Amino acid sequence: MPSLKNVRPSSGDPMKTVIKEPEPEMGVSHVSDETLRAFVGYHMKRAFNVVQTDLARTLKPFDLRMLTYTALVLIVDNPGLRQSQLADAMDVERPNLVVIIDELERRELIVRDRVPTDRRAYALKATLAGGQLCEKAVAAVTAHEQRLLENMDATTRDTVIAAMQLIQKSLSKG
């Protein structure tokens with residue numbers, strides 16, 4: 001930890017004061033993240049990076065990304081889902097969802113049908129090809145998750161999920 005004896009003022013502004021360490025010859029040999037490791041969010045982010053990287057690799061053969069995969073699964077599981085409902089379920093802005101929907105539609109994995117009772121709304125449905133691709137992708141993602149969690153027992157897994165749900169609920173209250 002730097003000592004305040006090594007403080008060098010900068011431009012008279014106390015907020016721009018720099019703690020000066022003795023200059024190492026060749027830079028830092030080891031980056032310490034000790035302070036950051038005290039935060040749960042830091043561990044969550046590092047774990048998510050591992051999950052995201054492996055998931056991207058898993059979905060690549062299906063030409064899907066995490067967002068297009070999520071949208072396809074939700075559409076397959078909820079035929080007739082409106083775009084606004086999908087945006088809410090995915091927690092994405094509606095204009096950003098249009099790009100995802102356009103991609104799935106261009107690939108003929110889903111269709112958009114006007115809702116007869118609301119001409120401004122579209123109901124989303126998977127095509128046969130979309131359903132088949134979804135089934136294969138879900139199987140691959142299931143295997144991906146089993147690989148990542150193979151060293152975690154069911155009780156720990158359930159505890160992790162419960163903890164994530166508590167975090168989600170704590171922010172949705174405020």
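Predicted model: local features only at pLDDT ≥ 70, side-chain atom pairs only at ≥ 80, totals over all residues.

Guide: Residues are numbered from 1 along each chain as its sequence is written, and side-chain values use heavy atoms, with hydrogens and water left out.

Visitor: How many helices and strands does the protein have?
Guide: Helices (H or I, at least four residues) and strands (E, at least two) are DSSP runs, numbered from the N terminus. Here the protein has 6 helices and 5 strands, and along the sequence they follow the pattern β-β-α-α-β-α-α-β-β-α-α.

Visitor: What share of the residues is buried?
Guide: Buried means under 20% relative accessible area, exposed over 50%, and partly exposed in between, with a 1.4 Å probe and protein chains only. Of the 174 residues in this protein, 22% are buried. The accessible surface (Shrake-Rupley method, 1.4 Å probe; for residues, only the protein chains shown count as cover) comes to about 13200 Å², and 56% of that belongs to carbon and sulfur atoms.

Visitor: And what share of the contacts links residues 24 or more positions apart?
Guide: A contact means heavy atoms within 4.5 Å. Among contacts with a separation of 6 or more, residues 24 or more positions apart account for 46%.

Visitor: Which strands form the open sheet, and in what order?
Guide: Two strands pair if DSSP finds at least two bridges between them. In this model 3 strands form an open, antiparallel sheet in the order S3-S5-S4. S3 and S4 are its edge strands, each pairing on one side only. S3 is joined to S5 (residues 118-126) by 2 bridges, and Leu 81 has Leu 124 of S5 as its bridge partner.

Visitor: What does Arg 82 touch, beyond its neighbours in sequence?
Guide: Arg 82 sits in strand S3, residues 81-82, and is partly exposed at 28% relative accessibility. Leaving aside neighbours within four places in sequence, its contacts are Val 115, Thr 117, Asp 118, Ala 121, Tyr 122 and Leu 124. Another way to see the fold here is that Arg 82 and Asp 113 are 31 residues apart in sequence, with their C-alpha atoms 9.4 Å apart in space.

Visitor: How many salt bridges does the structure hold?
Guide: Side chains of opposite charge can pair when their charged atoms come close. The criterion is a side-chain nitrogen of Lys or Arg within 4 Å of a carboxyl oxygen of Asp or Glu, and the structure holds 12 such salt bridges. One of them joins Arg 65 and Glu 103, at 2.8 Å from N to O. Arg 65 lies in the loop between H1 and H2 and Glu 103 lies in helix H4, so this pair ties together parts that are 38 residues apart in sequence. Arg 65 is partly exposed at 41%, whereas Glu 103 is buried at 17%.

Visitor: Where do Arg 57 and Asp 54 lie?
Guide: Both are in helix H1, 3 residues apart, about one turn of the helix. Arg 57 is exposed at 54% relative accessibility, while Asp 54 is buried at 12%. Asp 118 and Arg 120 form another salt bridge, at 3.4 Å from N to O; Asp 118 is buried at 18% and Arg 120 is exposed at 74%. Salt bridges with shared partners also join Asp 54, Arg 57 and Arg 147 into one network.

Visitor: Where is Glu 108, which has a positive phi?
Guide: Glu 108, with a phi of about 60° although it is not a glycine, lies in the loop between helix H4 (94-106) and strand S4 (110-115). Glu 108 is exposed, at 59% relative accessible area. Asp 63 also is not a glycine and has a positive phi, about 55°; its place is the loop between helix H1 (40-59) and helix H2 (66-77).

Visitor: Last, what is the volume of the largest pocket?
Guide: Rolling a probe the size of a water molecule over the atoms shows where empty space is left. On a 1 Å grid over the protein atoms alone, a pocket is an open set of points where a 1.4 Å probe fits, with protein on both sides within 12 Å along at least five of seven lines, and lining residues have an atom within 4 Å of a point. Grid points are joined across faces, edges and corners, and a volume is the space filled by probe spheres set on the points. The largest pocket has a volume of about 1100 Å³. It is lined by 28 residues, the closest to its centre being Phe 48, Val 51, Glu 145, Val 160 and Met 164. H1, H2, H5 (128-148) and H6 (154-173) each supply at least two residues of that lining.
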